[in-house]
Protein chains: 4
Amino acid sequence: MAMKTKSEYLDSLNDGRRIFADGEEVKDLTTHPQFATALELVGDGYDKHYQPGANASGPYFLIPHSQGELKELLETLLGWDMVTVTTSQGLLALLTAAARMRSDHPEYAKRIEDYFEYCKKNDLRCVQAITDAKGDRTLSPSKQDDPDSYTRIVERRPDGIVVRGAKLHISSAAISHEMVVMPTKKMRTGEEDWAVACAIPVNAPGVRIVNTSYAPRGREEDFPHSSHHNMPEGFVLLDDVFVPNERVFLAGEPTHSATFAHSLGLWERLGGTAHLVEIGDTLVGLAQLIAESNGTQRISHIRDKIAEMIIYATLVRSGLEAAIANAEPSPEGWYFPSELFTNAAKHYGAAEFSHMVRHLHDIGGGSIVTAPSTSDLQHDEVGPQIKKYMRTLDGVDGEYRTRLFHAIRDYTADAFGGWQLVTMLQSGGGLYAQRLVTRKHYDMDKAKALALDIAGITKD
Amino acid sequence: MAMKTKSEYLDSLNDGRRIFADGEEVKDLTTHPQFATALELVGDGYDKHYQPGANASGPYFLIPHSQGELKELLETLLGWDMVTVTTSQGLLALLTAAARMRSDHPEYAKRIEDYFEYCKKNDLRCVQAITDAKGDRTLSPSKQDDPDSYTRIVERRPDGIVVRGAKLHISSAAISHEMVVMPTKKMRTGEEDWAVACAIPVNAPGVRIVNTSYAPRGREEDFPHSSHHNMPEGFVLLDDVFVPNERVFLAGEPTHSATFAHSLGLWERLGGTAHLVEIGDTLVGLAQLIAESNGTQRISHIRDKIAEMIIYATLVRSGLEAAIANAEPSPEGWYFPSELFTNAAKHYGAAEFSHMVRHLHDIGGGSIVTAPSTSDLQHDEVGPQIKKYMRTLDGVDGEYRTRLFHAIRDYTADAFGGWQLVTMLQSGGGLYAQRLVTRKHYDMDKAKALALDIAGITKD
Amino acid sequence: MAMKTKSEYLDSLNDGRRIFADGEEVKDLTTHPQFATALELVGDGYDKHYQPGANASGPYFLIPHSQGELKELLETLLGWDMVTVTTSQGLLALLTAAARMRSDHPEYAKRIEDYFEYCKKNDLRCVQAITDAKGDRTLSPSKQDDPDSYTRIVERRPDGIVVRGAKLHISSAAISHEMVVMPTKKMRTGEEDWAVACAIPVNAPGVRIVNTSYAPRGREEDFPHSSHHNMPEGFVLLDDVFVPNERVFLAGEPTHSATFAHSLGLWERLGGTAHLVEIGDTLVGLAQLIAESNGTQRISHIRDKIAEMIIYATLVRSGLEAAIANAEPSPEGWYFPSELFTNAAKHYGAAEFSHMVRHLHDIGGGSIVTAPSTSDLQHDEVGPQIKKYMRTLDGVDGEYRTRLFHAIRDYTADAFGGWQLVTMLQSGGGLYAQRLVTRKHYDMDKAKALALDIAGITKD
Amino acid sequence: MAMKTKSEYLDSLNDGRRIFADGEEVKDLTTHPQFATALELVGDGYDKHYQPGANASGPYFLIPHSQGELKELLETLLGWDMVTVTTSQGLLALLTAAARMRSDHPEYAKRIEDYFEYCKKNDLRCVQAITDAKGDRTLSPSKQDDPDSYTRIVERRPDGIVVRGAKLHISSAAISHEMVVMPTKKMRTGEEDWAVACAIPVNAPGVRIVNTSYAPRGREEDFPHSSHHNMPEGFVLLDDVFVPNERVFLAGEPTHSATFAHSLGLWERLGGTAHLVEIGDTLVGLAQLIAESNGTQRISHIRDKIAEMIIYATLVRSGLEAAIANAEPSPEGWYFPSELFTNAAKHYGAAEFSHMVRHLHDIGGGSIVTAPSTSDLQHDEVGPQIKKYMRTLDGVDGEYRTRLFHAIRDYTADAFGGWQLVTMLQSGGGLYAQRLVTRKHYDMDKAKALALDIAGITKD
């Protein structure tokens with residue numbers, strides 16, 4: 001019933017959780033190369049926000065009650081670690097679902113609010129577990145030859161339910177406290193057992209998480225970003241996990257099976273767009289710095305490419321601003337961003353991202369992937385020579401320029417860069433999902449009226 | 001000293017102005033096919049806004065004093081004819097220039113404000129005359145073999161100046177009262193005679209305007225949009241035109257030679273973006289209506305293309321909203337839109353416009369250009385047959401669908417469509433200019449700081 | 001039984017055909033503004049190719065028997081009028097269908113060859129009539145509420161069949177001799193009446209053609225291309241037209257219902273690609289000429305855009321060359337182009353066309369749509385002034401530059417330009433069809449083997 | 001004077017060469033992780049091609065004497081290791097330079113031919129060393145504050161020259177025998193010392209090579225491609241290296257300073273295009289396999305994306321075919337590919353590459369970066385569970401699908417993928433260079449003539 005410090009957080013993970021990586025069970029997360037950095041980041045986040053007292057709570061548990069609060073939240077979260085961001089956005093998504101379910105299922109809405117308070121009071125970190133294994137994409141959940149392809153209820157008890165399945169791409173699950181499980185898509189009548197949402201502690205019996213990571217393969221200086229920012233990606237196995245009733249948020253109501261995914265989609269895309277704004281600016285900055293280092297910043301086609309990157313970053317930003325400026329309140333007074341602008345901005349940002357990376361690679365040149373290691377820069381014999389030849393002009397020494405190349409490689413052309421390239425497209429449900437949602441929330445009647453006016457056709 | 005009615009407006013044009021078209025001088029604008037429609041539109045605008053009384057003035061003379069007023073202005077102007085829009089935005093551009101020149105040249109700022117009052121009191125329509133003939137683009141104005149390639153002062157008198165040159169692409173000049181002449185680009189020291197801005201009545205001695213037009217070539221029903229919306233494009237000849245001192249806004253100060261173009265650019269691009277928002281929605285509407293008429297609106301690749309068009313329209317809208325939401329006041333308390341967002345949105349909207357038209361053509365099909373004339377629909381023998389075969393399904397009769405095809409052709413694949421394709425790119429100064437301005441107003445220092453952070457480089 | 005001269009061709013059209021345009025039946029094609037130019041073009045083609053003698057025949061009746069002959073044919077046809085091109089390619093498509101049907105239906109193959117000889121001996125011009133009215137696109141032909149939505153057999157007689165329906169977008173039908181009618185898509189079992197292909201003379205009883213056109217709206221000098229190159233687009237009504245058995249090429253065999261469309265698609269796309277090569281080079285030429293006229297040809301972003309246009313034109317050309325170099329012979333020894341390369345090249349050329357037009361408009365500037373009429377250039381008073389201001393540098397006089405702008409407007413930003421924009425996408429069946437066919441002819445097994453090799457997976 | 005076996009090759013590298021990596025000098029290349037794989041690949045190539053006898057020589061020393069031989073060469077080389085490919089193409093580039101210099105400098109041409117024979121007789125592997133350090137890109141070589149920024153002659157002796165500088169991005173230099181050094185760009189009069197081309201053995205005194213690599217960071221099964229295909233990228237330091245006269249191919253003649261770069265550009269781009277053809281097909285294969293594994297291969301937008309990838313692969317292939325089909329012979333009878341088609345195809349392939357990778361990532365899904373390691377598949381407890389949930393449908397087991405995801409990640413979204421993303425753009429000189437060369441070899445006069453014809457302007 002209080003906020004946690006870093007050391008309390010690290011201790012709290014020693015709770016019997018079962019974590020795997022590289023073919024082995026991980027006995028100590030804090031020393032394993034796939035987890036150490038992430039634990040540092042999240043732990044530092046605890047220390048940064050820590051306030052004493054039983055009533056203290058982190059700013060990541062704020063529910064925005066105005067457009068201004070929503071805007072401030074999105075600016076603030078850019079300074080948080082990814083797990084804290086996920087906790088904030090995931091719980092807001094859960095509350096969004098609560099608001100949308102309240103009239104039909106007040107008991108679920110109430111449980112969600114209670115759960116939110118529980119997390120807030122205990123300063124927990126939560127991840128959302130949505131993507132199922134899915135099996136054959138052409139068949140619905142109940143038609144799969146393996147019924148566990150989508151997470152489902154295998155037993156209903158008076159005091160709770162038992163669930164089975166797998167949840168994929170669950171970033172940071174291994175180092176969080178809670179997972180909010182929800183259906184990956186709309187279920188039909190007859191698929192009640194797959195219409196299940198609930199909260200599960202990471203250390204619950206039956207939970208096992210197999211991890212992979214883009215944690216860097218070399219020395220920190222050569223991976224200046226990813227050595228400080230990497231998160232384990234969890235493949236979560238739910239092997240007949242019991243969930244008590246108070247943590248069950250849906251258990252057999254197909255009409256609301258997509259409510260969670262839609263709510264999560266909204267917040268994930270909003271958060272994704274907020275990050276894209278920063279990523280867009282970062283790409284511009286990298287492009288400008290390397291161009292200045294090469295002495296090419298005034299060459300017309302270089303300027304042109306950087307201008308295109310600037311327009312990209314600015315448009316994503318304008319989409320985010322419009323999503324917030326058009327936010328609307330729920331009956332509870334909670335402000336949810338505009339679906340229309342959020343989805344349009346996220347789609348544009350994600351779809352054009354690889355093109356912006358291409359511009360950066362085009363501007364930077366081959367040294368992005370061929371620059372010698374910073375360790376070579378320290379070598380007595382070749383170090384001074386490399387510095388001599390990597391230097392370009394007054395104010396741009398060879399070491400600085402070499403490090404810029406490593407930053408670009410790390411950020412866009414190595415393991416982290418590849419991870420970013422894929423997740424940019426896939427996070428928040430993929431381009432296709434964003435198109436569908438944008439379309440759904442677009443004012444098509446108004447567009448048709450404009451078109452009929454052009455055609456001189458009066459609609460009766 | 002009062003607002004004008006349509007009939008007063010039409011009378012006011014009988015002022016000795018010299019207008020040419022199709023190789024002949026036009027004696028009566030009101031009956032000439034290139035001008036009649038435009039006069040109707042502008043005249044109707046006068047009647048619509050007319051209020052009696054000496055102190056009445058049109059809403060197009062409003063200076064926004066808050067973001068809210070700016071937003072309202074942009075929504076309102078979509079309902080005005082093009083000349084009224086131009087009057088509003090051009091005068092706001094002029095006031096923007098006044099604000100930017102006031103500290104160095106208070107007398108010019110004062111003259112501009114007086115001129116604004118003069119136009120407002122007499123309910124005049126003004127166009128901006130900026131683009132010069134330009135001659136050889138590789139040479140600056142003073143280096144051209146014909147010094148008149150850029151409009152210049154050929155004589156300075158105690159009571160005013162005499163100017164000579166040509167101004168191109170001046171839409172609606174022939175049916176307006178006033179032209180605000182300004183330099184097309186920055187002049188250097190030594191080019192004082194080309195650093196000239198002033199207001200010239202259309203009927204001033206020495207002014208002649210040669211016109212061209214996309215006015216349609218056929219019957220109204222086959223050109224449902226352009227037959228009601230066409231404006232003459234003026235090639236304005238200034239043959240030693242005298243301008244009295246009180247209408248001179250710049251006469252020899254190169255440092256402010258680009259102030260007018262920059263100010264006009266801002267407002268033209270803002271207005272252009274506002275129209276693009278409507279055009280984007282119109283394209284979506286046409287695409288959706290023709291898809292529904294063809295029975296293809298649920299086909300995946302058709303839906304996908306319409307979704308892309310929706311995202312386009314939504315992003316342009318978000319850029320416009322951000323341009324307004326980030327508007328900032330001048331010392332006078334006048335609100336000017338954000339250069340950054342205005343330029344980014346206009347660039348995106350213009351650059352992707354032809355791609356959206358391609359989507360519409362791809363969705364619509366060949367009948368966009370091959371549908372029989374609506375006059376054939378009335379023919380006793382073939383009319384019923386055409387209706388039979390142009391019909392597709394219940395609720396979509398052949399005539400309605402034929403008219404939709406004509407609307408799409410008129411709007412995007414005929415003379416008006418071609419005009420729109422070109423002006424979309426060129427209005428407000430071309431894509432290149434928009435890139436330059438976006439870049440200039442982008443926070444590059446912040447972007448670099450983000451990039452250095454990625455690189456782990458601490459800047460001292 | 002001999003080749004025709006222009007005058008014989010013009011006489012031959014006086015055959016009772018029923019042609020409509022602008023709401024009226026056309027009594028004399030040779031003097032009607034929608035047809036006069038086209039008749040001149042086609043007539044000149046007759047005179048150009050005319051050779052006396054009973055055995056003479058036009059080169060447009062050549063069947064290529066080698067890759068070399070195919071290549072030569074495609075180069076030659078660029079110099080022919082559109083109707084002659086259509087005759088050549090349409091009959092080659094028909095022969096392709098014959099080759100593909102010969103084993104199952106030798107009688108149809110024989111009739112097609114006889115028909116080919118008939119056209120050749122009488123020097124006839126033929127168009128292909130493929131696109132049906134189609135009704136509701138979500139329903140197959142037999143499910144339409146109007147069964148005539150797809151052309152069908154309404155009566156079978158011992159000596160022939162009677163057909164009813166409409167064929168859309170039939171360029172030049174009104175000034176040709178023959179129409180080869182074929183199904184627009186694959187028919188299913190039960191749709192035998194819609195599986196119909198046959199040849200119908202334009203003057204057959206029951207045939208009526210309603211026309212539209214992009215023929216220009218103004219004087220020739222302002223429409224330098226379209227005033228010399230325009231073709232009527234026919235909406236062909238088939239009102240219970242009798243077809244004798246020897247002209248019936250399919251009458252109830254659904255398995256071959258798509259053979260004609262596929263064959264025509266191949267040749268239309270090949271011919272389309274050949275024209276695209278020329279159009280691509282023309283766009284480059286216009287861009288370079290106007291850049292040189294503006295003095296901008298050395299500006300970096302202008303050069304860059306022209307370079308992109310060059311790459312476009314060159315890639316389309318390489319696709320055409322590959323389509324020919326990979327042509328394969330039918331059992332008859334007739335050389336048919338590669339489906340794979342033809343479709344890929346056509347798709348690329350069509351899909352990127354509007355982007356290339358955008359580049360041209362971006363390079364050219366606003367005068368593309370605002371340049372005064374060439375008739376104004378002749379005006380005593382304003383003519384010299386326009387010439388003065390449209391001139392730019394030594395060697396570029398104002399009239400020349402004005403005419404270049406008119407050429408660009410006519411070719412890309414007016415009625416012809418719009419027609420070209422739409423037909424570029426739609427000819428040969430639309431982008432979607434080209435994707436399908438490319439995919440069908442691609443060596444997917446080889447691609448998969450390469451991918452498995454990357455994955456280190458041995459396929460058993 | 002004979003071909004080498006793998007073991008002879010490995011022995012031959014023990015020649016005193018000085019190689020560095022990761023901050024240390026490498027004592028034994030054969031056991032170092034950055035070099036071992038590459039040595040295996042190159043060594044296997046030696047064994048594969050080995051033939052006994054003094055006159056035997058590898059097929060990579062063939063000079064094509066016809067279009068057919070050129071085509072065969074390009075097909076064959078896809079089966080060679082990268083060093084052998086580089087040897088073939090680099091020496092052909094050198095011979096191309098010889099052909100272009102013969103009339104002015106027959107002695108250089110002769111030395112090149114002798115050198116070619118020397119390499120052939122001793123079965124050596126050669127790399128081209130072209131890219132200089134370049135310093136400040138806005139200054140020419142002689143204006144740099146460090147004159148060594150471009151490799152230069154620091155001393156001329158009777159028996160040879162002494163060179164100093166650095167050469168960057170020299171793939172495989174560390175495991176080759178010879179480096180052909182050449183100027184990175186055109187030098188001006190007064191820059192004679194920088195106009196230097198010559199051959200230098202890797203073990204020559206004064207040569208040091210610092211290496212970097214995308215060699216994978218994990219177990220082979222998780223990096224199925226890069227663990228078998230990785231090459232060290234060399235940063236070559238030339239510290240006052242003596243070159244005897246017979247290995248000097250240019251030493252002070254600025255007029256031919258760019259001849260080498262142009263020749264190398266042609267062959268590198270041709271080879272690059274040949275590889276792009278294979279890479280394009282590989283991307284299609286990966287996309288199709290993963291779609292089939294996910295059960296999504298019939299979903300419309302997935303099919304559409306794969307069709308776009310197919311069109312891309314086919315267009316690159318058609319460009320390569322056209323480059324060969326338009327090859328022309330030198331006076332020596334050596335066939336050189338078409339500059340026009342080679343550059344256009346390489347530009348298109350490189351420019352669109354990242355877009356194709358985006359399609360693959362969009363189709364594949366998040367498991368590309370989150371799939372558990374193949375070592376987890378072997379784990380007793382979680383292995384069977386991962387297989388269960390990674391399985392999708394009959395015929396697609398979990399291990400197979402997991403390995404496909406790893407292949408896609410390795411190939412496009414990890415260290416190798418990043419390397420490929422950058423080198424795709426940068427190899428052969430960057431997009432900008434390819435635009436310049438395409439433009440230079442395009443028939444602009446013909447394009448202008450077509451445009452003038454459209455404009456109805458007769459050129460005298």
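**Figure 1. Polar contacts and salt bridges between chain C and chain D of the predicted model.** Across this interface, 15 residue pairs are in polar contact, both residues being at pLDDT 80 or more. A polar contact is a pair of N or O atoms within 3.5 Å; within protein, one must be able to donate a hydrogen and the other to accept it, and residues adjacent in sequence count only if both atoms are side-chain atoms. Seven salt bridges are also found across the interface of chain C and chain D, a salt bridge being a side-chain nitrogen of Lys or Arg within 4 Å of a carboxyl oxygen of Asp or Glu. One salt bridge joins the side chains of D:Arg435 and C:Asp304, at 2.7 Å from N to O. Helix 7 of chain C provides 16 residues, the largest share of the side of chain C that touches chain D. Helices are DSSP runs of H or I with at least four residues, strands are runs of E with at least two, and both are numbered from the N terminus. The model is predicted: local features need pLDDT of at least 70 and side-chain atom pairs count only at pLDDT 80 or more, whereas totals for chains, interfaces and linings use all residues. Residues are numbered from 1 along each chain as its sequence is written, chains are lettered from A and ligands numbered from 1 in the order in which they are written, and side-chain values use heavy atoms, with hydrogens and water left out.

**Figure 2. Extent of the interface of chain C and chain D.** Chain C contributes 56 residues and chain D 55 residues to the contact, defined by heavy atoms within 4.5 Å. About 5100 Å² is buried between the two chains, 68% of it on carbon and sulfur atoms; buried area is the accessible area (1.4 Å probe) that two parts lose on being put together, summed over both. On the side of chain C, the residues that lose the most area to chain D are C:Arg435, C:Arg439 and C:Ile454, together 14% of what that side buries.

**Figure 3. The axis relating chain C and chain D.** Chain C is superposed on chain D by a rotation of 180 degrees with 0.0 Å of shift along the axis (RMSD 0.0 Å), by least squares on the C-alpha atoms of residues with pLDDT of at least 70 in both. This is the relation of a two-fold axis. Within chain C, C:Ser318 has the C-alpha nearest the axis, at 2.8 Å.

**Figure 4. Helix 14 of chain C.** This helix covers residues 430-441 and reaches 17 Å from its first C-alpha to its last, close to the 16 Å expected at 1.5 Å a residue; the expected span is 1.5 Å times one less than the number of residues. Its buried residues include C:Leu431, C:Arg435, C:Val437 and C:Arg439, where buried means under 20% relative accessible area, exposed over 50%, and partly exposed in between (1.4 Å probe, protein chains only).

**Figure 5. The interface of chain A and chain D.** Each chain gives 79 residues to the contact, and about 6700 Å² is buried, of which carbon and sulfur atoms give 58%. A:Arg217, A:Arg358 and A:Tyr389 supply 11% of the area that chain A buries against chain D, more than any other three residues. There are 10 salt bridges across this interface, and D:Asp145 pairs with A:Arg391 in a salt bridge of 2.9 Å, N to O.
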